[in-house]
Amino acid sequence: MNATTTRGSLLAALACVLVGGSFTANSLLGDYPYAGGQFLRYGLAFLLLVPLAGPGAATRLRALGAARWLRLALLAAVGMVGFNLAVLAAERTAEPAVPGVFVGCAPVVVAVLVPLLEGRRPQRIVLYGALFVAVGAFTVQGWGRTDGAGIAFSVCALVGEVGFAVLAVPVLRPLGPRLLSTVVCGVAAAESALAGVLADGSGWLRRPDAVEAGALLWQAVVVTVVGFVCWYMGMQRIGAERATLFSGLIPVAAACTAPLVGTGSYGAAQAAGSALVFAGVAVGSGAVLPFARARRPAAQRQTAPERSLEKL
């Protein structure tokens with residue numbers, strides 16, 4: 001991999017590790033109103049990102065047409081607010097592993113969907129890597145109790161994860177990672193507030209206690225501000241297909257951090273699944289190609305005399 005690809009891969013990996021840690025933080029927010037928590041998370045992230053949006057932000061935003069603003073609203077609604085709502089709804093009747101398994105299939109969907117939308121064929125090496133990642137994510141999480149509603153909402157969570165990458169592709173270039181993160185956080189905060197008022201009325205927002213405040217701060221500052229910017233910077237460098245491969249690190253990071261708050265354990269299955277995820281990321285991102293290319297000339301030199309004999 002060249003320097004740009006390496007930097008993009010590291011950024012995407014860091015973003016997904018931070019998101020994986022947010023699943024542990026979510027376990028500390030079980031009693032906090034969902035929409036209110038999302039409003040605080042994305043609203044605070046928006047305020048922190050505004051100074052980082054870069055020069056000419058207002059000009060770039062005015063240049064966006066109605067179609068792109070609609071795409072930004074869908075990105076926030078589907079990939080952020082909707083994704084979190086779907087996971088929460090799925091976990092009401094299903095064990096957390098069930099939506100996790102579906103979300104782990106996102107690299108496969110993106111590896112097929114993005115090339116088709118761009119009028120080209122899927123890259124075989126990326127697809128193979130995505131399959132490894134999906135199997136590894138399943139191995140890390142396993143499968144749990146569920147029903148029809150749990151599966152349906154888990155599919156919605158998968159749609160949200162895919163949408164977070166696919167919907168961002170056309171607006172990433174004109175806005176850049178920092179301004180894109182700023183805008184979608186602001187839109188997601190407004191959508192969360194609207195959803196909270198409609199669903200919970202006056203009880204949609206309350207003052208968090210110390211533990212809840214710490215979890216919300218982690219999600220806003222580390223996962224959203226740092227994680228989102230790193231994610232879109234990585235995607236800008238290596239593309240949505242390869243960047244989404246690193247989403248397999250989300251369940252790995254969640255499994256590694258869960259024992260810290262007593263909500264899970266890390267055993268042989270998690271270790272085996274982690275190895276599969278790492279293998280899939282290495283294959284799909286092209287990290288193993290330089291080694292294959294380095295071996296190829298030596299093989300060609302060994303077979304050159306044989307080709308000469310064949311000519312004689």
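In helix H12, the buried residues (under 20% relative accessible area, with exposed set at over 50% and partly exposed in between, for a 1.4 Å probe and protein chains only) are Gln 270, Gly 273, Ser 274, Val 277, Gly 280, Val 281, Gly 284 and Ser 285. Seen down the axis of H12, these buried residues fall within an arc of 125° (taken from the directions from the helix axis to the C-beta atoms), so they line one face of the helix. An α-helix has 3.6 residues a turn, so residues three or four places apart point the same way. Gly 286, with a positive phi near 90°, follows H12.

The model is predicted, with pLDDT of at least 70 needed for local features and 80 or more for side-chain atom pairs, while totals for chains, interfaces and linings use all residues. Residues are numbered from 1 along each chain as its sequence is written, and side-chain values use heavy atoms, with hydrogens and water left out.

Of its 312 residues, 45% count as buried. Leu 179 is located in helix H9 and is buried at 3% relative accessibility. Leu 179 and Leu 49 are separated by 130 residues in sequence, yet their C-alpha atoms are 8.0 Å apart in space.

The second largest pocket has a volume of about 220 Å³. A pocket is an open set of points on a 1 Å grid over the protein atoms alone, with protein on both sides within 12 Å along at least five of seven lines, and lining residues have an atom within 4 Å of a point. The volume is the space filled by probe spheres set on the points, which are joined across faces, edges and corners. Helices H9 (169-200) and H10 (210-245) each supply at least two residues of this pocket's lining, and H10 gives the most, with 5 residues. Among the lining residues are Glu 118, Arg 120, Arg 173 and Glu 241.

Cys 185 is buried, at 0% relative accessible area, whereas Cys 156 is partly exposed at 42%. The disulfide count (pairs of cysteine sulfur atoms within 2.5 Å) is 0.

Definitions and conventions. Helices (H or I, at least four residues) and strands (E, at least two) are DSSP runs, numbered from the N terminus. On a 1 Å grid over the protein atoms alone, a cavity is a set of points where a 1.4 Å probe fits but cannot get out, and a pocket is an open set with protein on both sides within 12 Å along at least five of seven lines; lining residues have an atom within 4 Å of a point.
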